Amino acid sequence: MNHHERIARIFAGQSVDRPGFWLGNPHDEVKPRLLEHFGVSDDEAMRRLIGDDCRWYPADWIAKYNHSEGMWASGSYYSVFAECEDTATVDAYPWPDASHFDLAPLRTKVSEGEGSWRFGGSWSCFFHNVADMFGMENYFMMMYSDPDVVHAVTRQMVDFFLAVNKRVYTEARDTVDCFFFGNDFGTQNDLLVSPEKFKEFILPYFCELINQAKSYDVPVQLHSCGAIYKVIPWLIDAGIDALHPLQAKATGMDAETLMREYGGKITFVGGVDTQELLWRGTPQQIKDEVNRLHDIFGDRWIISPSHEAILPEVPTENIVALCEAATGMTLS
């Protein structure tokens with residue numbers, strides 16, 4: 001069973017030879033260590049060696065934005081709406097334009113991972129962008145005091161991401177097997193906003209992004225760190241096919257709870273604890289935990305860290321142990 005077929009079958013809830021595996025996106029300080037350890041010269045060669053089934057190609061990070069003005073070009077959008085009280089100011093802002101993206105670098109990058117399962121599309125992190133544009137505290141307060149302004153800013157950001165994704169789906173469909181988008185809306189113990197505000201200011205825009213992907217027959221994987229247990233039923237109803245990264249130590253995000261409540265309804269991606277286990281545990285403890293999680297999740301699971309960015313504190317031997325436990329290969 002090849003990498004692409006394995007993950008496609010996992011998403012479809014079909015039998016596979018083993019769970020999927022995605023190493024994630026290790027921190028820039030970690031990657032050289034891994035290349036040296038495995039004796040390879042680049043990330044793609046390393047992933048092929050370790051049996052990684054997946055690659056991540058966020059279109060709006062890889063494609064080149066060819067314009068010298070506006071929000072996306074300057075990067076100077078932090079707190080620009082901190083004191084905004086009217087939607088006209090929002091409309092007048094120099095919002096980014098998806099037509100300025102050159103998709104050629106995306107196609108080139110994706111060609112390197114031929115045969116893998118490709119997470120792609122725009123990262124579409126509108127929740128983070130809007131928080132940056134208001135300042136997070138202002139953003140949350142303005143959900144109560146100035147909801148029209150919050151919706152106006154969110155509308156502009158989401159329309160941009162929808163436009164980027166439309167270009168990907170229509171001009172570069174072969175670069176994406178699964179729409180993967182990320183918006184961290186959980187803390188260690190709960191949501192960043194109330195379920196009611198989540199349902200008003202976040203979920204409807206999630207639905208638009210999800211429905212667009214589904215209209216092109218593209219499955220959807222959502223990333224959110226933190227304790228998001230309270231809204232997982234809404235996310236499933238909205239149409240997500242997979243949930244990442246399953247922050248194992250966050251309230252309600254342990255494997256037993258997730259499988260009991262949502263097993264068979266969704267594909268799980270992640271769950272191997274990065275807060276304590278990967279950087280403090282032994283290689284054998286990591287292998288034991290992967291085996292334990294496999295017993296709970298079964299094969300409708302993609303083994304991956306509970307945060308995609310493996311940090312420099314994680315010993316190389318622990319990363320190797322994760323890879324070996326995931327694939328059954330002997331690498332060290």
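Two strands pair here if DSSP finds at least two bridges between them. Strands (E, at least two residues) and helices (H or I, at least four) are DSSP runs, numbered from the N terminus. This is a predicted model, in which local features need pLDDT of at least 70 and side-chain atom pairs count only at pLDDT 80 or more, while totals for chains, interfaces and linings use all residues. Residues are numbered from 1 along each chain as its sequence is written, and side-chain values use heavy atoms, with hydrogens and water left out.

View 1. Eight strands make up an open sheet, running in the order 1-10-9-8-7-6-5-2 with parallel pairing. Strand 1 (20-21) and strand 2 (54-58) are at the edges with a single partner strand each, so one side of each has no neighbour in the sheet.

**View 2. Strand 7 and its two partners.** Let us step into the sheet. Strand 6 (residues 178-182) pairs with strand 7 (residues 220-223) in the parallel sense, over four bridges. Here F179 is opposite V220, and F181 is opposite L222. Strand 7 also pairs in the parallel sense with strand 8 (residues 242-244), over three bridges. In that pairing, H223 has H244 of strand 8 as its bridge partner.

**View 3. The two faces of strand 7.** In a regular strand the side chains alternate between the two faces of the sheet. Which residues cover each side of strand 7? V220 and L222 lie on one side, Q221 and H223 on the other, and all are buried. Buried means under 20% relative accessible area, exposed over 50%, and partly exposed in between (1.4 Å probe, protein chains only).

**View 4. Helix 8 and N129.** Helix 8 (residues 126-134) contains N129. The helix is mostly covered, with seven of its nine residues buried: F126, F127, N129, V130, A131, M133 and F134. N129 counts as buried because its relative accessibility is 4%. Which residues does N129 touch, not counting those up to four places away in sequence? They are W72, Y77, M157 and F161, where contact means heavy atoms within 4.5 Å. Just after helix 8, look for G135, which takes a positive phi of about 90°.

**View 5. E112 in helix 7.** Is E112 buried or partly exposed? This residue of helix 7 (residues 104-112) is partly exposed, with a relative accessible area of 38%. Apart from its neighbours within four places in sequence, E112 is in contact with E44, R48 and Y57. E112 and I310 are 198 residues apart in sequence and, C-alpha to C-alpha, 22 Å apart in space.

**View 6. Stepping back to the chain.** The chain holds 17 helices and 10 strands. Its C-alpha atoms fill a box of roughly 60 × 40 × 35 Å along the principal axes. Of its 332 residues, 53% are buried. Among contacts between residues at least 6 apart in sequence, 78% join residues at least 24 apart. The chain carries 27 positive and 49 negative side chains, and the centres of these two sets are 6 Å apart. Lys and Arg count as positive and Asp and Glu as negative, with His and the chain ends not counted; each charge is placed at NZ of Lys, CZ of Arg, CG of Asp or CD of Glu.
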